[in-house]
Amino acid sequence: MLLWKSFTFNPKKLNFYQLQEKHYNQVLALMFAVEEVNKDPNLLPNITLGFQIYNTYSSDVRTLESSLMLLSGKRLIAPNYHCEKQQKSVAVIGGANSDLSIQMASILELYKFPQITYGPFDSILSDKVHFPSVYQMAPKDSALALGMVQLMVHFNWTWVGLVITDTARGETFLWDIREEMNRKGVCAAFIEKIPLGLKSLTYSFSVIPPSIHVSSANVIVIYGDNHSRMTLQYVQQYHKLYKKVWITSSHWDFTMRHHSVNVETFNRALIFAGQTKEIPSFKSFLRTSKPAKYPQDIFFKKMWNSAFQCPFHHIKYDQDCSQNSSLEMLPLRYFDMSMSSLSYNIYNAVYAVALALHEVLLTRSEMEYLRDEESLILYPWKLHSLLRNIQFNNSVGDQVFMDEKRNPVANYDITNFVILDNGTEVLVKVGEFIPHAPLGEDFSIHENIIMWNQIYIKTPRSVCSESCGSGFRKSACEGESMCCFDCMPCPEGEIANQTDMDQCIMCPEDEYPNRERNRCLPKVETFLSFREPLGMTLTCTALVLCFLTVVIIGIFVKHQNTPIVKANNRTLSYTLLLSLSQCFLSSLLFIGKPTSAKCLLQQAIFGITFTMAISSILAKTVTVVLAFKAIRPVSRSRKWLGSRAPISVIFICSLIQVTICGIWLLVSPPFPDVDPHSEPKHIILKCNQGSLIAFYYVLGYMGLLALGSFTVAFLARNLPDTFNESKFITFSMLVFCSVWVSFLPTYQSTKGKTMVAVEVFSILSSSAGLLGCIFIPKCYVILLKPQWNTQEWVQNLTEENKSLKLRI
């Protein structure tokens, strides 16, 4: 018979060594797996697999002592000797944590003894240079930090405290979780490390609980081994931290504690537990397991008496009580009927060793026979070549690899640790985290199942600063974490339609922010309409002035033979009046919804009609000067008198403007356009000039004509004539130039409908200035002083002027 021995270890405790009953689930998982292997006729036929159990305590010396006892046999410590011919161990299953595994490996590695650890995966043990004989059964927990941060992000917990054990595993986890927290926008409110050794209790008592208590973080992540768990469980009894939500892994088992320790502080914690499938018939095995079934197992009897709180005399005389009881009757704090991740790893480790031994039996060349051929002895180090390549599907279909490079990443169940009102402790599955699942399917949580701490009516919050509502953006506080911020309102034209936005966003051009600046509203199209007060006023003004111009034309036609109408060329007066009437009407093209036709005609008609008006005035002033010079007998100016010269001036000046406008319309014509920026709530429909250069050429040419007319009229203002218009023309051109000089800066500084209104007002006011300054005095004489508008009065006035000159 080949005997195989195994270690299982009770975890270390801080200051007390009382038996922790719940650990015996791991021993029973070992026994269950060994029994399954021995019952399987196809696995290790004719061979019974055996085991021995060695215990370790909180002392490194005791761990090394148990390792030497295993190697020597008969529970003796005799280095380099084995005191048993039979019952020699071929492999060790041990190490509920990496510290124990490393301590054991320091002895076992000297003999190349296969050591299979069932505790959490540790990258340090994967170093085959220092630990070539160590194999890890646990899946990699590199995704644990990602899952915890996913949970934080799901509940918008952005201000979280971290309590980590001060070990290499703790540092690795701290690096991973901080990196992921930074990537997801979660901040660490504080980081506390639980030291090892003698300083552990002192530091944990005086520093860690006060840091947790004063922190504004309501969510605390704790990560570590059993030693740090027991430390914090002991300390928390003196610091009530009921307001906190705890997140941890299954290796930090709150239910595992001494009878007198109260863990009410950790009630409603969320635990990431490695997913395991329920092994068939394992629970049935646990229900039927009793000390009487395994009389040689002293640990089982001690665990039973402690869990069922047997009377002292049963313990003293090594008797077991409660024979009719079952492990199923024990509360969760004493025993868990489900298979934990550690027990699951032990189960797979047993099968891995059994399969390796089975391979040995198939290759007899690996066996060495002693004189007694019935005894087969296998040297442990010869298992390495087989263990490295072992892979199999266990009884629930999971693939198991002994090659750590092929170890999968662990999947996690998220459980809720709840202490009910009657004191019963339960673990309720509330979600899961599958790292390699498709995005969106990797994390799930059932919020309606979670039972939060009694002080929270709804899901607790854990933030440094309260969320910035819609319409506000976050503004980082100087010298603070990115999770601590002030809330600033969005600037004009921008919105924040979600909470905690880092930057406000611009509304589309056709939309504008509402008053709360949390959503965009569609802008209303608008333009200078005939129906709005400003448009209606400008329209009525243009029509009234046009009508007034027509009335003046009628007056002039009716009194066309009077001296005042005949003076200064009657044809030019009619041309000027008709041009002014068209100027008034041209302003109506700027009012109303812009169309392609309107945009093409607006500036062209405005420029041409105004050019005709100004050129008519220029012709009038030139006529006055020529008429005065023509009085001289030998003057050449007589040939320019008559209607041909003034008409030529109007024609040539207007033709130049028509040419400019024609080139403008051919090269870059105006077109309908929209202006979404001038008014925050409106889209202004307008005419785009197409070419601003052409537009200013038109205005510049008009200005040049106006300046020429003003100069000539100013020089001719004192020429003797009965009805000399030069003074009136000088004043009218002064008004005209003043209007358009004021127009240019005003036009540039306004936008939208106001810009159009400014141009219309300039057209009307400058045209009205010409009409009023030149023709209103004449109408005054015609209508109110008709005696001045007779030939006799003109002759008398002329004679008086001559006599005045003679006396001078």
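**Disulfides, salt bridges and a helix**

Author: To begin with one link, cysteine 468 and cysteine 487 form a disulfide, with their sulfur atoms 2.0 Å apart. The model is a predicted one.

Reader: What is the handedness of the disulfide of cysteine 468 and cysteine 487?
Author: The handedness is read from the torsion about the S-S bond, which is about -95° for cysteine 468 and cysteine 487.

Reader: How many residues apart are cysteine 468 and cysteine 487?
Author: Cysteine 468 sits in the loop between β15 (443–445) and β16, and cysteine 487 sits in strand β17. The pair links distant parts of the chain, and the separation is 19 residues.

Reader: Is cysteine 468 buried or exposed?
Author: Buried means under 20% relative accessible area. Cysteine 468 has a relative accessibility of 0%, so it counts as buried.

Reader: Which class does cysteine 487 fall into, given its relative accessible area?
Author: The partly exposed class lies between the buried limit of 20% and the exposed limit of 50%. Cysteine 487 has a relative accessible area of 34%, so its class is partly exposed.

Reader: Which parts does the disulfide of cysteine 187 and cysteine 483 tie together, and how many residues apart are they in sequence?
Author: Cysteine 187 and cysteine 483 form a disulfide with a sulfur-to-sulfur distance of 2.0 Å. Cysteine 187 is in strand β5 (residues 187–194), while cysteine 483 is in the loop between β16 (472–476) and β17 (485–489). The pair therefore ties together parts whose separation in sequence is 296 residues.

Reader: What is the handedness of the disulfide of cysteine 187 and cysteine 483?
Author: Both cysteine 187 and cysteine 483 are buried. The torsion about their S-S bond is about 85°, so the disulfide is right-handed.

Reader: Where do cysteine 507 and cysteine 520 lie, and how many residues apart are they?
Author: Cysteine 507 and cysteine 520 form a disulfide, their sulfur atoms 2.0 Å apart. Cysteine 507 is in the loop between β19 (505–506) and β20 (511–513), and cysteine 520 is in strand β21 (residues 520–522), which gives a separation of 13 residues.

Reader: What is the handedness of the link of cysteine 507 and cysteine 520?
Author: Both cysteine 507 and cysteine 520 are buried. The angle about their S-S bond is -90°, and the link is left-handed.

Reader: What does the count of disulfides come to?
Author: The rule asks for a pair of cysteine sulfur atoms within 2.5 Å. By this rule, the number of disulfides is 6.

Reader: Which parts does the salt bridge of aspartate 413 and lysine 429 tie together, and how many residues apart are they in sequence?
Author: The side chains of aspartate 413 and lysine 429 meet in a salt bridge at 3.1 Å, N to O. Aspartate 413 is in strand β13 (residues 412–419) and lysine 429 is in strand β14 (residues 425–433), so the parts tied together have a sequence separation of 16 residues.

Reader: How do lysine 474 and aspartate 502 pair, and how many residues apart are they in sequence?
Author: Lysine 474 forms a salt bridge with aspartate 502, with the closest N and O atoms 3.4 Å apart. Lysine 474 lies in strand β16 and aspartate 502 in the loop between β18 (494–495) and β19, so the separation in sequence is 28 residues.

Reader: What is the class of glutamate 109, buried or exposed?
Author: Glutamate 109 meets lysine 112 in a salt bridge of 3.9 Å, N to O. Lysine 112, at 43% relative accessibility, counts as partly exposed. Glutamate 109 is at 14%, so it counts as buried.

Reader: What span should helix α1 (residues 24–39) have, and how far apart are its end C-alpha atoms?
Author: At 1.5 Å a residue, the 16 residues of α1 should span 22 Å. The distance between the end C-alpha atoms agrees with this, at 22 Å.

Reader: Which elements do the buried residues of α1 pack against?
Author: In α1, 12 of the 16 residues are buried, so the helix is mostly covered. These buried residues pack against β1 (92–93), α9 (282–288), α10 (298–307) and α12 (341–362).

Methods: Residues are numbered from 1 along each chain as its sequence is written. This is a predicted model: local features need pLDDT of at least 70, side-chain atom pairs count only at pLDDT 80 or more; totals for chains, interfaces and linings use all residues. Side-chain values use heavy atoms; hydrogens and water are left out. Helices (H or I, at least four residues) and strands (E, at least two) are DSSP runs, numbered from the N terminus. The expected span of a helix is 1.5 Å times one less than its number of residues. Buried means under 20% relative accessible area, exposed over 50%, partly exposed in between (1.4 Å probe, protein chains only). Contact means heavy atoms within 4.5 Å. A salt bridge is a side-chain nitrogen of Lys or Arg within 4 Å of a carboxyl oxygen of Asp or Glu.
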